[in-house]
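Good morning, colleagues. Please look at the sequence and the model on the screen, and I shall take you through some of the features.

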Amino acid sequence: MSAKAATLKVSKHADLTGTSTGYKVFVVIILILVTIFFLFPLYWIVTGSFKPIAEITAREPVWFPINPTGDNYGRLFENPAFLWLFNIVFISVAAMVLTCITASLAGYALGKKRFIGRAVLFTIIICAMALPKQVIVIPLNQEMTQIFHLNDTLWAVILPTVGWPFGVFLMKQFSETIPTEILEAARVDGAGELRTFITVVLPMIKPGIGALAIFTFVNTWNDYFLQLVMLNSRDTWTLPLAIAKLQGEMSNDFGLIMAGAALASIPIIIVFIAFQKYFTQGIAMGAVKG
Amino acid sequence: MDQNAAAVSKPKKAKKPSHTSGMSRALVRRETTSAYLFLLPSLVFFVAFVVIPMFICVFYSLFDYSLGGLNIAEDFVGLDNYIQLFQDPIFHKGFINTVIIVVVAVPTVTAFSLWVGSAIYRMKAFPRSFFRCVFYLPVVTGSVAITVVWKWILDPYNGILNKLIGTDGYNWLGEGKTALMCIIVILFTTSIGQPIVLYVAALGNVDNSIIEAAQVDGATKLQVFWKVKWPSIMPTTLYVLVITTINSFQCFALIQLMTRGGPMNATMTIMYQVYYSAYTLNDLGYANAIGVVLAIIIAIFSAIQFKVAKTD
């Protein structure tokens, strides 16, 4: 609400200082051109998935499927595509739930509790976040094989995702906004630690959990490198990984690949648009202190 | 574990009274115990899947180690992997390409997202979320889907690009001259989503009263930007620089799915060489050594950016 008021105020002043109309038109034209450029790949995936082979190999560009066909999807489902879809949904949901539980507990402790070792722990978490995530994937694979014997299972993707400290950092940012008086009041009323957390803290950091949930879901879904290294057999492939593998095997069947790409990306785009508000809020919140 | 932590660190209390001062000893102990209980689940995951792999990475980089197994006494080679690395022409090529990607992508991503951010943050709520959404879409769509569709767009015979501009049969990804350029352009489209979201939020938070005061004093639009807005969004810029640098260094899916580092290593990057050494050459010790070097290079770049931003 206040943001809106501020926006209005600024735009009035921007006019006062004299942004020329020419520049404004220029901005809008560039934005529209760039928008087309950014939306085109998505448009091409969806329309391509309905194009028959003749239209894909035609010498003249075919901008829209003239004789739409479901053949591409038919060929896709000759493979265990539902299993692949299930795998990626299972991985993303499990990582999301586990991350939200562990990170909100830890974030609350880091944000509101004054305990010995807090500063050191927080520094370690910040340093780990600057670490290139992909570098530890190969040693992780060795660990999963030799110590946990979880290689080539979905858990080999889920567990490392939960370990990544970004969630803890985000939930710390949200937890810090809880007024300390409320927590003290709960303690005076004789509420135990866990009860305080469930009845007082959780309702107050709900928007943060929403942001973290959607963030984890989208990022896990798209963490191609981790899936590539951890999942080897056809039955454990995720949909994005399977598309990549299919592309390697039959690189010229673009219709099939686009059908797969559509199936792998449309669900996640719908999830993103539905929860966009939480998502952008979470990104902004995570960056307040870099 | 939590009890131990409390017991071990109790003597330190006298030295560091900063944030526990004013609390009784019993309360401090109680708070510490409960805090570590809250932290426990997260710490278990963090230690098991981030800290331990880090040590494994450094440890294995000292061995001539392949998937077959490791014999600690026989396979120890000390720093040989690192020495080999600095003499490896493929690593040199990968290092140069990675630096080119970072040096081109990071400033353009930062500048362009700042421009888009300033252009849309004053808009009404709907167009603002619309544009923010559009630029975030390639990130959400996922690297695999984006890469396979670009591969089709750039395909020599079936791709729309050649059909459109009449360069029939030109292999964009097969020619050293254009392959890296294509990779950078696609990386750009998948990188600007998050910076734009950050800039829109940061610009919206700039204190309006300062802007108004500057305008009353007759500052031009450009002066307002450089003297008022730029310093207050500096932390965001720094954050954007660091995350874009880390992401550009780690650019992997694009390379693996489009060019596999080719043609003739023209798109070889450090990250792709890590994967290639581990799973194609089955040389895990060497792959881990490259990983360690990559982590150090990223740390140096981040440190430089912090330094430059601080002195500004």
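This is a predicted model: local features need pLDDT of at least 70, side-chain atom pairs count only at pLDDT 80 or more; totals for chains, interfaces and linings use all residues.

Where is the place of B:Asn282? It is in the loop between H15 and helix H16 (284–311) of chain B. Helices here are DSSP runs of H or I with at least four residues, strands are runs of E with at least two, and both are numbered from the N terminus.

Residues are numbered from 1 along each chain as its sequence is written, chains are lettered from A and ligands numbered from 1 in the order in which they are written, and side-chain values use heavy atoms, with hydrogens and water left out.

B:Asn282 is 216 residues from B:Ser66 in sequence, yet their C-alpha atoms are 5.6 Å apart in space.

Chain B as a whole has 16 helices and 0 strands. Of its 312 residues, 55% count as buried. Contact means heavy atoms within 4.5 Å. Among contacts in chain B between residues at least 6 apart in sequence, 64% join residues at least 24 apart.

Helix H15 of chain B also holds B:Gln273, which is buried at 3% relative accessibility. Leaving aside neighbours within four places in sequence, B:Gln273 is in contact with B:Asp88, B:Ile90, B:Phe91, B:Met268, B:Tyr286 and B:Ile290.

I turn now to the aromatic residues. Over all chains, there are 45 aromatic pairs. Rings of Phe, Tyr and Trp (its six-membered ring) pair if their centres lie within 6.5 Å; planes under 30 degrees apart count as stacked, over 60 as edge-to-face and the rest as tilted. One of the pairs is A:Phe225 with B:Tyr275, whose ring centres are 6.1 Å apart and whose planes stand at 65°, so the pair is edge-to-face. This pair crosses between chains, from helix H13 (residues 224–230) of chain A to helix H15 (residues 270–279) of chain B. A:Phe225 is buried, with a relative accessible area of 2%, and B:Tyr275 is buried at 12%.

One aromatic cluster is formed by A:Phe40, A:Tyr43, A:Trp44, A:Trp63, A:Phe254 and B:Trp152. The charged end of A:Lys51 sits over the ring of A:Trp44, 3.7 Å from its centre; the criterion is NZ of Lys or CZ of Arg within 6 Å of the ring centre and within 35 degrees of the ring normal.

How do the helices pack? Helix H2 (residues 21–48) of chain A packs with helix H6 (residues 125–141) of chain B at an angle of about 35°, their axes being 10 Å apart. Axes are lines fitted to C-alpha atoms, for helices over the stretch in contact, and angles run from 0 to 180 degrees between N-to-C directions. Among the residues that meet are A:Leu31, A:Phe38 and A:Ile45 in H2(A), and B:Phe130, B:Val134 and B:Thr141 in H6(B).

Finally, the structure holds 0 disulfides over all chains, a disulfide being a pair of cysteine sulfur atoms within 2.5 Å. B:Cys57 is in no disulfide, and the nearest cysteine sulfur, that of A:Cys127, is 17 Å away.

Note on methods
Buried means under 20% relative accessible area, exposed over 50%, partly exposed in between (1.4 Å probe, protein chains only).
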